[in-house]
Amino acid sequence: MDQPGGERRDWLTELEERARTRRPIVPLWLRSRNDALDTLRWVGRHSAYVAAFQVTRAPLYAGRLAARSPRGLARLAGGMVKWTFDLEGEPVRLATVRKADPEAYLKLSRQRDARVRLRVPITLAVLVTLLIVGIIVANAPTLAQWAALAVALGVLGVVGKPADRPLIDRAVTPTMVEKLTSDIVIRSLMVLGISGITQAMSKNPKDAIRFVAPITRDGPGWRADIDLPYGVTVTDVMDKRDRLASALRRPLGCVWPEGDSSIHEGRLILWVGDKDLSKTIVRSPLAKAASHDVFKGIPFGNDPRGRLITVPLIQHNVLIGSQPGQGKTASVRELAAGIVLDPTTEAWFHELKGTGDLDPYEKVCHRYISGIEDEAIAYAADSLALLRKEVMRRAAALKALPADLCPDKRVTRQIADKRSLGLHPLVCIIDECQNLFAHPDYGPAAGEDAEFIIKLGRALGVVLILATQRPDKRSLPTGVSANVSIRFCLRVGGQLENDMILGTSAYQSGIRATMFVPEKDAGTGYLVGATPMPKVAKAAYLDTPATQRIADRAYALRQAAGTLSGHAAGERPEVVTPSFDLLADIAAVVPASEAKVWNETVVDRLADLRPDAYGPWAELEGGAKTGQLTTALKPYGIKTMQVWGTPEGGGKGANRIGIARADIITALTERDKRKGTEAAS
């Protein structure tokens with residue numbers, strides 16, 4: 001039984017669907033003040049340039065007209081003779097003679113005679129008029145004579161113009177600012193070799209490719225909204241972006257096809273810019289910002305149309321990946337600028353490449369490390385372990401808040417400003433995270449901690465930003481790559497790497513960071529999750545001096561707000577120093593038969609030897625446990641190394657962080673010598 005009013009509801013639904021396809025009343029370029037100003041500036045600059053270009057070449061054009069005027073005079077005279085005596089019809093009359101058709105010939109002859117009788121007087125009248133005008137001009141002032149001569153030469157020069165040599169030169173080259181037209185677009189799509197387009201154009205050339213809106217200016221470029229032929233998808237066109245750019249006679253960095261799947265899979269939005277994106281430097285709005293609020297997102301960069309893209313941070317996690325040298329760390333640096341300029345945000349930065357790219361921010365970080373050695377890896381692993389505990393603490397703290405203060409059970413700006421609650425934003429950046437996750441000792445535990453933080457920390461104000469130049473299963477755990485909500489992928493080498501960063505099936509959906517050109521497109525990548533639809537974005541660039549100035553402002557902000565803590569406040573990781581002789585105790589628990597031994601094995605033996613002194617070390621987990629011994633041995637100049645071994649209770653052999661017993665004995669001997677020397681003196 002049909003429901004009452006069902007037909008009416010269907011009718012209203014159909015009207016609503018039609019309303020969604022209405023063209024906007026206000027053109028795209030007038031929707032914002034910046035777009036309108038950009039368009040007007042472009043029109044003004046373009047018109048002024050064209051006018052200046054043509055005016056300066058006026059003498060050249062005058063010379064061309066004068067040179068072509070004899071040909072024009074000959075063409076004009078010949079044309080008048082042919083028209084007067086109807087010579088154009090002569091081939092037709094001769095054809096009737098060859099066919100021996102006297103009736104047709106007589107009919108055509110009478111037609112010719114009638115035309116000639118009419119045209120001869122007209123021609124004579126025109127010639128007499130020209131003669132009279134010539135006599136008048138001959139008796140006119142010199143200036144008028146020169147003007148009449150210029151007009152005559154101009155007219156004759158236009159008539160005498162060769163078909164392949166235009167009179168006026170182009171003011172601009174087509175690859176820069178030539179207006180995009182429907183004919184150009186259709187021609188370009190036809191040469192792509194897409195069978196669906198070729199077949200549709202051969203059957204119905206007028207309606208195969210439909211423009212749903214007029215081609216218009218959109219920022220610093222042209223925009224065309226196109227319905228592709230049935231069965232052709234936007235991905236088919238995006239796969240041939242280089243050929244499309246060739247057909248449009250534009251640099252590759254000017255041509256950006258994208259789809260609008262909210263309409264259908266065949267809706268193509270073709271944007272053709274005036275300037276190659278790879279030659280554009282995106283200035284960071286944060287370079288001159290006094291402060292920033294991370295709850296409003298972080299200005300990240302621009303899309304190809306020059307529009308600012310803001311990356312939401314709170315309640316999200318970020319994954320950035322690329323091949324080496326494609327702008328990954330520069331992208332991290334831009335996000336870090338927004339983080340440190342918010343004095344309420346606690347910054348934990350880890351740069352595991354050891355080049356110091358994030359060093360300017362060190363003075364405002366609660367935790368900071370830069371290095372590629374095992375000590376730096378252990379520090380980063382320890383940070384994730386601490387973050388996991390922090391997430392659990394925050395979950396309990398948020399649960400205890402009254403419903404009127406926290407109705408949605410997530411951290412807000414109002415809650416973050418109550419410093420006593422300890423629910424302020426906390427952002428942990430790990431650059432070159434593959435060095436952590438692929439580490440044989442610290443990697444497994446770090447991967448589990450990172451997955452836990454990503455899944456539960458986002459609603460609690462804890463944000464994880466990971467960057468890697470080696471996106472594979474070993475260096476980027478599946479649980480991590482599958483759960484991040486915002487992804488930025490710069491140039492990568494293949495489909496596997498593309499989908500590890502951008503998500504499963506991204507490559508098949510046409511979201512392909514493999515299309516970017518190495519080095520040339522550095523800083524440009526696909527951004528997924530920050531906007532309703534995946535977008536090509538170019539990250540803003542901050543050089544080291546600009547980054548240092550931002551860090552100086554951030555330090556002053558935090559100092560005034562009293563939020564400098566941890567590393568920034570001069571605190572260093574706490575090392576539990578035993579009250580006994582560490583070197584002697586290690587020598588006691590590591591027999592001479594063991595040349596090398598794992599750190600974790602040494603810690604367990606030390607805890608058995610002196611539970612009160614070393615027990616807290618053994619209670620630590622993962623990398624923090626081995627890192628405690630590494631840190632304690634640093635003052636003695638003893639370095640850790642990779643050691644092959646097996647667990648004491650039995651199990652599979654593996655390479656883990658450990659020490660050499662010979663280094664311990666050497667350190668003991670040297671220490672005893674120093675003590676003897678000091679006692680003698």
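Helices (H or I, at least four residues) and strands (E, at least two) are DSSP runs, numbered from the N terminus. With that in hand, let's walk through the structure above. This is a predicted model, in which local features need pLDDT of at least 70 and side-chain atom pairs count only at pLDDT 80 or more, while totals for chains, interfaces and linings use all residues. Residues are numbered from 1 along each chain as its sequence is written, and side-chain values use heavy atoms, with hydrogens and water left out.

The C-alpha trace spans about 135 × 85 × 55 Å along its principal axes. Of the 681 residues, 44% are buried, meaning under 20% relative accessible area with a 1.4 Å probe and protein chains only; exposed means over 50%, and partly exposed lies in between.

Now for two helix pairs. Their axes are lines fitted to C-alpha atoms over the stretch in contact, and angles run from 0 to 180 degrees between N-to-C directions. Helix α4 (residues 90–98) packs against helix α5 (residues 102–138) at about 160°, with the axes 9 Å apart. The two are therefore roughly antiparallel, a label for angles over 145 degrees, whereas under 35 counts as roughly parallel, 65 to 115 as roughly perpendicular and the rest as oblique. Val92, Arg93, Thr96 and Val97 of α4 meet Ala104, Tyr105, Leu108 and Arg112 of α5, where contact means heavy atoms within 4.5 Å.

Further along, helix α20 (residues 582–589) and helix α21 (residues 599–609) pack at about 100°, their axes 10 Å apart. That makes α20 roughly perpendicular to α21. On the α20 side the contact uses Leu582, Asp585, Ile586 and Val589, and on the α21 side Val602, Arg605, Leu606 and Leu609.

Finally, look at two loops. Gln315, in the loop between β7 (308–311) and β8 (318–321), has a positive phi of about 70° although it is not a glycine. Glu519 lies in the loop between α18 (495–502) and β14 (524–528), and its phi is near 70°, a positive value in a residue other than glycine. At 65% relative accessibility, Glu519 counts as exposed.
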